[in-house]
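Morning, everyone. Please look at the screen.

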Amino acid sequence: MTALSYWPGLHGPWLFDDAANLNVVERWQAGLIGWREVILTNHSGPGGRPLAMASFVLSAALGGYTPFAFKLGNLALHLTNGILVFLVLRHLARRDTLLSAWPLSAPLAVTALWMLHPLLVSTTLYAVQRMAMLSATFVLLALLAYLHGRDHLENGHLRKAALWMFAGMPLATLAAFFSKETGLLAPLMCGVLELVYFSPRAGVSRALPARAFLWLGIALPCGIALVLLAVKPEYVVGGYANRSFTLQERAFTELRVLWDYVGSILAPWGPRLSLFRDDYPLSTSLLAPASTAAALLGWLAAIAMAIAWRHRIPAIAAGVGLFLVGHLLESTVFPLLIYFEHRNYLPAVGILWAVAGLAAWAGKRAASHMHRPRQVFGAAILLLVFAMAVATHARALVWQDLGNMLALSLRHHPHSDWLRLNIAQFAMEHRPPRPDIARQHLLHLLRSPRTGARQMGMMNLTALDCTVARRVPGDRADALFAFPSQPIEADLAKAIDNASTVVRTTTCAGLSPAQMARSLDRWLDQSTLPEGNVAKSRLRYVASTLFAAAGLPRESLEQAEIAWRSGRTELPVGGLRVAALIALKEDQQALDLLDELDARPEAAGVQAREFLQGYRALLDEAPDIHTSAPAEVSEQAETQTETR
């Protein structure tokens, strides 16, 4: 049923940041780079996510670099995870004082509802979310390893118990981490199961290996993490420099978001489900809006109920614990974006398991007043599973066509800035292009209450004008950067980069590369962000490419040097430095820098070697090549940037 429900969506297109994260796989398949560069040089998270990247390489090797191949791989992984969810829940059901009466049917029902839940479409049919899915695979394996270990411990097999609990579970956690960082939560999830399902009888102490696990596997790592955050708070606080919200606003808002997630799991109403939830209103305090305080009280009550009822209805305690622990990294204080459905991929199991426990408790009391209660409950579950399958199939049909997906989202989320940008991009990629529609949605962004959204709209409108009309209003160079220079959101940095590419590669009356470069340089100088800030150093590189295209090598070198000193030591930045030195006839310095770049590990790829050899060829040319070098090499550098 799951495979049939999802099948139409497998024929859908790449979505949103799929290309940005996965085009490196396409370049590997074309023979431009080696597989090691694909797997080992990803910067999506602190762990690099090499296992997830390796899975993308496998999909491309088996089915080519096509959306179908990648989405099919995601579906296969989702089906595998369904089996693992069932195995975990079957272990729990045998220990549950209520659900042990249904040791097979209860886990099977919850697993079916999870596999067929329409909320998970935005994970399974979103190619790059393979990272979240693969991490969930290894987390589930970690839970199974721990449960096997606990079974052996209760049976007196200490060696086998230690092997599963202190070798199998950590190895699975490590694999989960190397798929996505949320995998680090696996030990905490094991701790939830330990506290709920393995509580010792009154007067009996917990087994020593279990106590050791709680202290060494949970308490010690959590303590170290808290100390690190206390000593280095910039690990959390620093990321908010490029966000349009504060740490307090995010923490308060997530209290409401978590209840919204629960609502989507329990009642997956179509309009509620969308990728475009950047329109979610922020909580500026506990009373603004007042629902923030209500959300906090609701979570305190839910936790208190879970603790109080952990013996009477264990599934509620386990389910609430798994859900909250599953959101501990992505839905608390860390400077991530506010709302994403895929964060519920594994935590949704917890809510469904809690509902199963509550339903069993209520059903046990209602059974005496019903005729043939098992048949009634069985029929109700089958109808619910069928309804989920229909809803998932309907959503998969929408996801197979990007135009339909955007149109449906616009109906229910008209205030989403991301949505307006995606509609504008879709309109320009349409055949024939529809610049009138693109302009309409970009002008809507200019009226946004968010400063960053207005500047993104201005940047994209400039790119549109330069592409279509080949001219912009005369004051556009100043208007582009007539905004506060902090924060510099990631989407804004990307919009500036895209607009600069259009300005460099087209003749646009009213806005030359030199004009845009100088305005960008002044804007960056006004920013209080440190030069090492990721977005700021990226834009220094952009300014360098603009100066190079304008034939101003000294200014280009200055911007590239700032980016390099701030830690942006990638080959494209080094290439711009080489180009500027060649144009300034500093051939020996250029040669020394090329030798330095050649010695870097990332220079081993085919495309990287060709990239650097191009500069060596420039050094061998006649002196008159220097006048044209900046424009040529900036194009090579831009190509390499897109590769990385």
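Predicted model: local features only at pLDDT ≥ 70, side-chain atom pairs only at ≥ 80, totals over all residues.

The structure holds 1 disulfide. Its handedness comes from the angle about the S-S bond. That angle is -80 degrees, and the link of C466 and C508 is left-handed.

Now find the two ends. C466 sits in helix α21, residues 451-468. C508 lies in the loop between α23 (490-505) and α24 (513-526). The two cysteines are 42 residues apart, so the pair links distant parts of the chain.

Next, C190. Why does C190 have no bond to C222? The closest cysteine sulfur to that of C190 is in C222, 13 Å away, and that is too far for a bond. The cut-off here is simple: the two sulfur atoms must be within 2.5 Å. Turn to C222. C222 is in no disulfide, and its nearest cysteine sulfur is that of C190.

Are these two buried or partly exposed? C190 has a relative accessible area of 0%, so C190 is buried. C222 has 31% relative accessibility, so C222 counts as partly exposed. The cut-off for buried is under 20%.

One last stop: T182. Look in the loop between α9 (158-177) and α10 (186-197). With a relative accessible area of 17%, T182 is buried. Which residues does T182 touch? Leaving out residues up to four places away in sequence, T182 touches S135, L329 and E330.

That's my tour. Thanks.

How values were computed:
Residues numbered from 1 in each chain as written. Heavy atoms only, no water. Helix = DSSP H or I, 4+ residues; strand = E, 2+ residues; numbered from the N terminus. Buried < 20%, exposed > 50% of the residue type's maximum accessible area, 1.4 Å probe, protein only. Contact = heavy atoms within 4.5 Å.
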